[in-house]
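Biologist: I'd like to learn how to read a protein model, one feature at a time. Could you walk me through it?

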Amino acid sequence: MTGSDGSQHWAPGEHILWRYRGNGTGAVHICRPVTVVQDTPDLLAVWMAPGTECVRPVLADGTPVHEEPLATRYTAPRTTERTRWSGSGVLKLARPGEPWSVWLFWERGWRFRSWYVNLEEPRVRWSGGLDSEDHFLDISVYPDHSWLWRDEDEFGQAQRSGLMSPAQAARVRAAGERAVERIKAWGAPFADGWEDWRPDPGWRVPELPADWDRTPAHTAP
């Protein structure tokens, strides 16, 4: 769908790809098919359903990345594998130009668990979805308004492994501090009631295309 200003907006129920490129490589190593919930000039909301077939990075021998010792986690040879998303689904919220997205997690029975602030490169849209680059550092936020930093050890190791320069790391940390300010003020999206949202029961689970790692034909404004 194309808006009146010429920018591309997807309609609710459309399937797109939410992808991450490897730090410093430019190659897609995470791909998650999602269903569009809402797409406006101010917010993109998408739903990743339980059981969705995704692509994730693994070590060259198939070992999960998190099982590799931290010191060599980002230097050991890697490949990708197709796998199913386990557990409950995830609602992802992203505002244009913001260097993070916010994910909502539920337990079974739709008991809301937490928000997750994923620090990342502002997303670039293309005709089939959007691409970003993960910045390692994250924040968990809970219904009682408490919060905590996540993956600070990986954030530090990424710098030691040369995947992030001191200047970029400083920008990422500053972005995280801005996110914390938003949390402390209980601003959007934490106060917007998204934890009460539910997916359309008629939606089917998106399929992972064979060319999930294709180079975008063109970007969208």
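Biologist: Let's start with strand pairing: which residue in β6 is the bridge partner of Met-48?

Modeller: Two strands pair if DSSP finds at least two bridges between them. Strands here are DSSP runs (E, at least two residues), helices are runs of H or I with at least four residues, and both are numbered from the N terminus. In this case the partner of Met-48 in β6 is Val-90. Strand β3 (residues 44-48) and β6 run antiparallel, joined by five bridges. Before we go on, this is a predicted model, where local features need pLDDT of at least 70, side-chain atom pairs count only at pLDDT 80 or more, and totals for chains, interfaces and linings use all residues. Residues are numbered from 1 along each chain as its sequence is written, and side-chain values use heavy atoms, leaving out hydrogens and water.

Biologist: And which residue of β7 does Leu-91 pair with as its bridge partner?

Modeller: Leu-91 has Leu-104 as its bridge partner in β7. Four bridges hold β6 and β7 together in the antiparallel sense. Their hairpin has five residues between the strands, and there Gly-97 takes a positive phi near 80 degrees.

Biologist: How many residues of strand β6 are buried?

Modeller: Buried means under 20% relative accessible area, exposed means over 50%, and partly exposed is in between (1.4 Å probe, protein chains only). For β6 (residues 90-94), five of its five residues are buried. Val-90, Lys-92 and Ala-94 point one way, Leu-91 and Leu-93 point the other way, and all are buried.

Biologist: What does the charged end of Lys-92 sit over?

Modeller: A charge sits over a ring if NZ of Lys or CZ of Arg is within 6 Å of the ring centre and within 35 degrees of the ring normal. The charged end of Lys-92 is over the ring of Trp-103, 4.1 Å from its centre. You can find another case at Arg-173, whose charged end sits over the ring of Trp-149, 4.9 Å from the centre.

Biologist: What about two rings together: how many aromatic pairs are there?

Modeller: A pair of aromatic rings is described by the distance of the centres and the angle of the planes. Rings of Phe, Tyr and Trp (its six-membered ring) pair if their centres lie within 6.5 Å; planes under 30 degrees apart are stacked, over 60 edge-to-face, and the rest tilted. That rule gives 14 aromatic pairs here. Take Trp-103 and Tyr-116: their centres are 5.8 Å apart with 35 degrees between the planes, a tilted pair. The pair links distant parts of the chain, with Trp-103 in strand β7 (residues 100-106) and Tyr-116 in strand β8 (residues 112-120), 13 residues apart. Trp-103 counts as buried at 7% relative accessibility, and Tyr-116 is buried too, at 17%.

Biologist: Why is the pair of Phe-112 and Trp-115 called edge-to-face?

Modeller: Their ring planes are at 65 degrees, with centres 4.7 Å apart, so the pair is edge-to-face. Both Phe-112 and Trp-115 are buried. Ring pairs also link them into a cluster, whose members include Trp-47, Trp-106 and Trp-110.

Biologist: Last one: which residues is Glu-154 in contact with, beyond its neighbours within four places in sequence?

Modeller: Contact means heavy atoms within 4.5 Å. Leaving those neighbours aside, Glu-154 touches Leu-70, Arg-73, Tyr-74 and Phe-136. Glu-154 lies in helix α1 (residues 152-160) and is buried, with a relative accessible area of 18%.
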